[in-house]
Amino acid sequence: MRRWNGWGDESTSMDLPQSAGTFLSQLVGQGKRLSDVSLAEVIKTVPQTRLTAQPLISIDAEQRVRHAKGQSLPDWLAMHSGEIHCFPDGVCFPENCQDVKDILRYAKAHNVELIPYGGGTSVVGHINPKVSERAVLTVNMSRMNQLLHLDEQSQIATFGAGTPGPMVEAQLLARGYTLGHFPQSFELSTIGGWVASRSSGQQSLRYGRIEQLFAGGNIETFAGSLDVPTFPASSAGPDLRELLLGSEGRFGILTQVKVRVSKVADVEKFSVIFFPNWRAASQFCQESVQQRIALSMLRVSNCVETQTQLKLAGHENSIKWLERYLSLRGCGDEKCMLTFGLTGSKQQISASKKQLNRFVKKFSGVSTGELLGKKWQANRFRSPYLREALWQQGYVVDTFETATDWGNVDNLMAKVEAAMRDGLTDEGEKVHVFTHLSHVYSQGCSLYTTYLYRNADSYQATLARWQKLKHQASEIIVNNGGTISHQHGVGKDHAPYLAVEKGELGMKVLESLATHFDADQQLNPGTLLE
């Protein structure tokens, strides 16, 4: 059963070692546990629906609660405190394109706002209803979850937009193929959501981000149906795929997604290397990708994240012996952990290893083989469960991410981390901050920052701390050469900062598109565009 107020399945958890409490207490102070409300208590606060009857629509109170919020930290605090304030008036579950057309027709006739809903994994407010004089209907796409067609000659697969990651891969694997798109939210997020938010997968070095994988598809709008055909390449004017990519439900509802798939590779391996310091580790990443070594994944943690991961891993004796070994090899307190993936044929992997070894030696890296890589692979989608474990000990954790050119990486990371670390000093509170590079490109890379602080005495004060930190980070990012989002999208949380990145003329273009497809602003208002 999926958690109503947190991430994933109730039967899955991520336990922290006993030493974690001591470690966290030393970093930011003793945690403060806040009391949680029950689902039954929240259901009692759901108001009467404003929707008129329609066969596809459910007005069940529990369904409305479960579709009221996503997975951002403010969403988490709202669901645990019961202070939700705004619920959709109903939820519908279309099963085909015609159902979606019927819902759009219903919404137009009754002046209803629509919120497209994939896996409910948004961490920037995409799916949250806003207070409105109009009724709000959430459109849950989960029943449109099948592989509809596979063109094996062109390697193009067509999926219903509501297909979640595991079902995408399972249905392709049965035919010997893979999409290779593995975002952190893979367990729950959907292929339509990946397109709508311009998602990036952990192995994008091999398979590409979703914009490289997305070949075409269908979107239903108030202005009609838009079918984007698949071409290997085209110079026939602007690429209409871009109207769907990153559209975040503002232009219409994605119903079918066509993607470029690959044959399943013969071999896949993940390994871990430690470098003596951040400069060596980041330079290794830059040169490896610019030399086009055939890696499928490259992720490097700065020294604070490396230390934190080792402390929270448990297995204290094993970690102690590992650190002794690394210290003898020149990787001491400033060491940085790098995880990489090799995917392909035996010959491809052998060639990549030879190329890689030269760079490992050049930057004094210490390989630890595949053991730690296998552990990463086994737990690669479990990190979101960490929020629950930390919550139980009185702490909240959140993340934000950006991307920038290589020459700006250290500058941007230093400014963001310093601001976050000192962001609550006026309250006498400490913030623990660390960063990793999760996706690398010849031009630059993404920066994925995690920050942790202890709860205040109330939910409201805890949220106020988040608002302060989030605003500081966002302002620094957009004013110092970073994008407001590399993989999470804009949603409602990032919308206030988008104009700095797009400029006045760029924002007018987006607003014109939204008006063209949705003249009365009934599709996900407040998302992407304020």
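User: What are the ground rules on numbering and pLDDT?
Analyst: Residues are numbered from 1 along each chain as its sequence is written, and side-chain values use heavy atoms, with hydrogens and water left out. As the model is predicted, local features need pLDDT of at least 70 and side-chain atom pairs count only at pLDDT 80 or more, while totals for chains, interfaces and linings use all residues.

User: OK. How many residues are in the largest nonpolar core?
Analyst: 51, and F284, L338, Y451 and Y453 have the most contacts inside it. A nonpolar core here is a set of buried Ala, Val, Leu, Ile, Met, Phe, Trp, Tyr and Cys residues joined through side-chain atoms within 4.5 Å. Buried means under 20% relative accessible area, exposed over 50%, partly exposed in between (1.4 Å probe, protein chains only).

User: What does F284 contact, leaving aside neighbours within four places in sequence?
Analyst: F275, L298, L338, L356, F359, V360 and F363. Contact means heavy atoms within 4.5 Å. There is also a second, separate core of 43 residues, including L150, F159, I191 and M507.

User: Switching to rings. How many aromatic pairs are there in the whole structure?
Analyst: The search finds 10. Rings of Phe, Tyr and Trp (its six-membered ring) pair if their centres lie within 6.5 Å; planes under 30 degrees apart count as stacked, over 60 as edge-to-face and the rest as tilted. F186 and F381 are stacked, because their ring centres are 4.9 Å apart and their planes are at 25°.

User: Where do F186 and F381 lie?
Analyst: F186 is in the loop between β7 (177-178) and α7 (191-197), and F381 is in the loop between α15 (371-378) and α16 (386-392), so the pair ties together parts 195 residues apart in sequence. Helices (H or I, at least four residues) and strands (E, at least two) are DSSP runs, numbered from the N terminus.

User: Are those two buried or exposed?
Analyst: Both F186 and F381 are buried.

User: Which residues form an aromatic cluster?
Analyst: W76, W391 and Y459 form one.

User: What sits over the ring of F222?
Analyst: The charged end of K108, 4.6 Å from the ring centre. The criterion is NZ of Lys or CZ of Arg within 6 Å of the ring centre and within 35 degrees of the ring normal. R380 likewise has its charged end over the ring of F182, 4.9 Å from the centre.
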